[in-house]
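Please report on the charged residues and the metal site of this protein. Keep it brief, and group the findings by topic.

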Amino acid sequence: MTDFKNKVIYQIYPKSFKDTNHDGIGDLKGITQSLDYLNDLGVDYLWLTPFVVSPQRDNGYDIADYYHINPMYGTDEDLDELINQANKRDIGLMMDMVFNHTSTDHEWFQKALQGDPYYQDFYIFKDSKDIPNNWVSKFGGPAWNYAPELKKWYLCLFDKTQADLNWDNPHVREELKNVIRFWKERGIKGFRFDVINLISKGSYDNDYEGDGRRYYTDGPHVHEYIHELVHDTGIKDMITVGEMSSTSLEDCIKYSNREREELKMTFSFHHLKVDYKDNKKWELMDPDYKKLKELFKNWQLGMQAGHGWNALFWCNHDQPRIVSRFGDEGKYWKESAKMLATMIHMMQGTPYIYQGEELGMLNSHYEDISEYRDVESLNYYKILLEEGHTREEALHILSARSRDNSRSAMQWDDSTYAGFSDHEPWITMPHTDKHINVKEEINDKDSILNYYKQLVELRHELPVISEGTISFLYDDREDIMSYQRQYEDDELVVICNMWNQDTTVTLEDCYLSYTTLLSNYPITVEKTLKLPPYATIVLRK
Ligand code: TEU
Ligand code: CA
């Protein structure tokens with residue numbers, strides 16, 4: 001089976017997962033040691049965020065050498081051992097390919113700076129006296145940086161040490177293909193492509209209505225370049241997922257439609273912006289549930305109609321924790337975590353679980369700027385102050401939006417460093433309840449962890465979940481997310497109360513005979529279905 005519809009992927013941020021050599025930094029050996037836990041959870045693939053050589057300005061998304069493991073994570077032998085031990089458990093490893101940019105420490109960029117024209121053409125250098133245009137970096141500030149050595153500007157859509165590669169140069173494309181070939185040969189089973197929809201730049205015009213993204217997002221040659229990369233490296237039957245920044249449904253259909261031989265599935269982020277005021281990440285707003293429903297509906301139905309395929313997710317290393325965001329950190333912590341999990345795991349697509357999500361881990365609740373590590377958070381703290389916010393306001397915004405919310409140490413037990421390490425971790429421990437950890441949840445039948453385990457099992461077992469069609473119910477209800485899945489004679493009805501209050505829904509008569517496949521409360525199936533706060537129920541024909 002090469003469509004990966006019944007697979008579940010677990011995302012690991014190696015730096016924060018498990019430390020085995022007492023330096024407060026997670027490592028490859030730590031992942032190997034945790035394989036039994038992951039196998040018990042039932043996941044099929046592990047996506048590891050970058051662990052190759054990098055100065056760590058952006059925690060590995062600034063790659064200085066695509067071929068060598070960063071010594072702080074371990075050795076080549078450690079990776080071989082991880083691959084072997086994972087394979088023994090039928091778990092495949094997926095690597096993160098950061099191909100839109102390299103670190104400015106990369107040999108190619110260094111040679112470019114030394115004046116080598118061959119390598120200058122690997123990047124996007126512009127010869128202008130003033131900054132080439134008004135585009136804004138994703139991490140704040142201008143998207144161009146001046147290289148005095150060359151008296152040229154180079155494009156950097158992220159940090160100034162992450163220089164965008166020039167994909168229009170065929171030599172760049174060939175180099176990147178070699179990277180894939182190398183890791184495939186090493187036993188890597190799949191790839192996640194970082195911001196891969198930004199690789200084909202169109203024009204370099206000033207953007208007077210936005211930050212410039214309209215000129216480089218889903219650009220003119222993006223589909224052609226992805227197809228070429230996949231074709232020439234022979235990975236068309238492997239599991240591949242593209243991270244698509246500010247993308248469109250039409251493009252995601254193209255990226256993930258089987259016939260086109262681009263990628264197997266796409267991450268899109270629109271559903272994670274429904275609490276951005278005016279689409280601005282650094283302006284807080286309560287989640288707009290109506291919009292969330294509309295977005296899920298459009299993307300689910302749209303991808304279904306266009307034969308595309310969604311990667312389903314709430315959490316990753318760039319997103320605040322979902323329970324803190326759309327659920328409840330207090331009284332309904334457990335119920336809301338299970339409801340949110342059900343909402344996406346029963347949809348059409350391939351689900352991703354980000355480390356600690358299966359425990360219901362929460363935002364870090366950092367209170368001081370010294371507790372933050374992420375370059376984006378540190379930049380925006382300054383920007384927010386410059387814009388006139390008080391320190392308290394800026395810290396309040398960061399506590400809701402910082403990427404560090406998801407980067408704190410994995411919580412294995414209730415010890416000082418949560419069983420992640422016996423040394424102080426590289427990132428501050430979160431100021432949250434110590435009961436959220438593997439040790440506590442693993443033997444509790446009713447835990448969030450065991451609920452995730454059930455979700456994974458169900459996806460493996462029921463074709464109605466992996467293969468079924470989807471349609472949406474209760475369109476007019478802002479508090480309810482509900483949909484139906486259908487496959488041959490099998491049918492599921494999923495109902496989620498997204499809100500923190502009791503409610504009811506009126507069930508169609510035909511559903512009254514259905515059995516409860518899964519729920520997070522004891523709920524009686526009756527005409528007027530009573531749903532407590534954050535209730536979820538999955539009915540099966
Ligand atoms: O993220 C791309 C990206 O645009 C965001 O998720 C980003 O964190 C957000 O827009 C900032 O507000 C990917 C990686 O997942 C991320 O960790 C990297 O920092 C980024 O690319 C650059 O490689
Ligand atoms: Ca370590």
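Which side chain meets Lys338 in a salt bridge? The partner is Asp446, at 3.0 Å, N to O.

## Basis

This is a predicted model: local features need pLDDT of at least 70, side-chain atom pairs count only at pLDDT 80 or more, and totals for chains, interfaces and linings use all residues. Residues are numbered from 1 along each chain as its sequence is written, chains are lettered from A and ligands numbered from 1 in the order in which they are written, and side-chain values use heavy atoms, without hydrogens and water.

## Salt bridges

A salt bridge is a side-chain nitrogen of Lys or Arg within 4 Å of a carboxyl oxygen of Asp or Glu. By this rule the count is 38.

Asp446 and Lys338 form one of them. This pair links distant parts of the chain, 108 residues apart: Asp446 sits in the loop between α14 (438–442) and α15 (448–461), Lys338 in helix α11 (residues 333–345). Helices are DSSP runs of H or I with at least four residues, strands runs of E with at least two, numbered from the N terminus. Lys338 is buried at 5% relative accessible area; Asp446 is partly exposed at 43%. Buried means under 20%, exposed over 50%, and partly exposed in between (1.4 Å probe, protein chains only).

Lys177 pairs with Asp232, with the closest N and O atoms 2.8 Å apart. Lys177 lies in helix α6 (residues 170–185) and Asp232 in helix α7 (residues 222–233), so the bridge ties together parts 55 residues apart in sequence. Lys177 is buried at 1%, while Asp232 is partly exposed at 33%.

Arg403 bridges to Glu376, with the closest N and O atoms 3.5 Å apart. Arg403 is in the loop between α13 (391–401) and α14, Glu376 in helix α12, 27 residues apart. Both residues are buried. Salt bridges with shared partners join Asp58, Lys281, Asp318, Asp374, Glu376, Arg403 and Arg407 into one network.

Lys281 belongs to strand β15 (residues 280–284). Lys281 is buried, at 18% relative accessible area.

## Calcium site

Five residues supply the protein donors of the calcium ion (ligand 2): Asp19 (OD), Asn21 (OD1), Asp23 (OD), Ile25 (O) and Asp27 (OD), 2.2 to 2.4 Å from the ion. Donors are N, O and S atoms within 2.8 Å of the metal (3.2 Å for Na, K and Ca); water is not among the atoms, so sites may look incomplete. The sequence spacing is D-x1-N-x1-D-x1-I-x1-D. Asp19 is buried at 7%; Asp23 is partly exposed at 27%.
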